[in-house]
Amino acid sequence: GRERSSRARARPQPPLGPAASPRSPAALRAAAKPSAAAGDNRCGDYVMADEEGEAVEVGYGHTDLAVSAGGESLDVTAAVALTPVDAVALLDDVDVTGHRLWEGARMLAQYLAQNRPTVEGLQVAELGCGSGVGGLFAARLGAARVVCTDANPEMRDLVEKNAERNGLSEVVSFEELTWGSPLPEALPGAFDVVLAAEVVYEEGVGPPLVDSAAALLRPGGVFLLAYVPRCLTDQIPALMEAAQARGLEVERYDAEPFLPRELWARDMDAPSCALLRMTSGGAPAGV
């Protein structure tokens with residue numbers, strides 16, 4: 001749930017990838033070249049304008065990636081990293097961040113693999129799902145039903161494609177949802193578990209994120225948030241305050257046991273990563 005997309009106006013910290021450089025949007029637009037025809041590993045293209053105003057078609061650059069944890073694995077289609085051209089798209093309010101496989105999704109997968117009863121046999125929803133890795137991994141671990149949600153309707157094709165290639169289409173579905181907005185009829189508030197991974201990119205998103213999680217949960221349900229710092233200031237206090245204001249009991253876990261090695265290698269404050277577990281009133285779901 002963001003106003004336009006669950007990752008809209010994202011400003012990842014640090015820069016978007018190793019290829020990123022402090023070039024102006026105009027310079028980046030000028031460097032953009034028309035892409036080749038979209039292949040099987042792309043779910044679509046977006047169109048930008050170059051320096052002369054000529055339309056430039058840019059592909060998302062999807063590739064095949066593996067997500068493994070606890071002896072379970074997924075084969076998914078997603079982008080490895082965002083590029084300088086993607087940075088321009090973000091400045092132009094084009095939502096592209098959901099196409100990347102973020103480290104927080106791997107962190108959440110590791111946690112779930114080490115705590116399988118958290119989702120096994122239960123009803124699960126994911127907020128800001130992007131490529132759907134969190135929800136798909138819950139399905140791989142035996143969740144009875146998984147609904148992946150994102151404010152960007154473009155994510156539907158990617159989630160459904162990833163569900164199909166992993167044999168999980170009968171369990172996993174997609175619904176469009178903006179954080180803080182009323183739940184659609186397809187999403188009654190009766191989920192045992194709500195998941196989110198690396199979705200806090202801006203100050204102020206905590207309250208609508210927690211609002212949607214609380215609305216989706218049944219009494220005793222659990223909201224699991226894999227938090228990776230992407231803002232200039234720590235957002236965990238605001239998230240905890242928002243959760244407690246909505247009657248959720250909050251527990252914070254050290255993320256180190258669940259962090260992939262590549263996350264520690266990035267130029268970011270990895271020790272500030274955390275796993276937040278927020279439980280609604282009533283008997284707890286899972287472990």
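**A mixed sheet and its salt bridges**

In this predicted model, Gln-123 sits opposite Arg-145 of strand β6. Zooming out, the two strands are part of an open sheet of 7 strands with mixed pairing, in the order β7-β6-β5-β8-β9-β11-β10. At the edges stand β7 (172-176) and β10 (249-254), each with a single partner strand, so one side of each has no neighbour in the sheet. On average, neighbouring strands here are turned by 20° against each other, ignoring direction.

Next come the charged pairs. The structure holds 10 salt bridges, and one of them joins the side chains of Asp-192 and Arg-218, at 2.5 Å from N to O. Asp-192 is in strand β8 and Arg-218 in strand β9, so the pair ties together parts that are 26 residues apart in sequence. Asp-192 counts as buried at 10% relative accessibility, while Arg-218, at 26%, is partly exposed.

Arg-230 and Glu-198 also meet through their side chains in a salt bridge (2.5 Å, N to O). This one links two loops, because Arg-230 lies between β9 and α7 and Glu-198 between β8 and α6. Both Arg-230 and Glu-198 are buried.

A further salt bridge pairs Glu-251 with Arg-277, their closest N and O atoms being 3.8 Å apart. Glu-251 belongs to strand β10 and Arg-277 to strand β11. Glu-251 is partly exposed at 30% relative accessibility, whereas Arg-277 is buried at 6%. Finally, salt bridges with shared partners join Arg-100, Glu-103, Glu-198 and Arg-230 into one network.

Methods:
Residues numbered from 1 in each chain as written. Predicted model: local features only at pLDDT ≥ 70, side-chain atom pairs only at ≥ 80, totals over all residues. Heavy atoms only, no water. Pairing = 2+ DSSP bridges. Helix = DSSP H or I, 4+ residues; strand = E, 2+ residues; numbered from the N terminus. Axes fitted to C-alpha atoms, helices over the stretch in contact; angles between N-to-C directions. Salt bridge = Lys/Arg side-chain N within 4 Å of Asp/Glu carboxyl O. Buried < 20%, exposed > 50% of the residue type's maximum accessible area, 1.4 Å probe, protein only.
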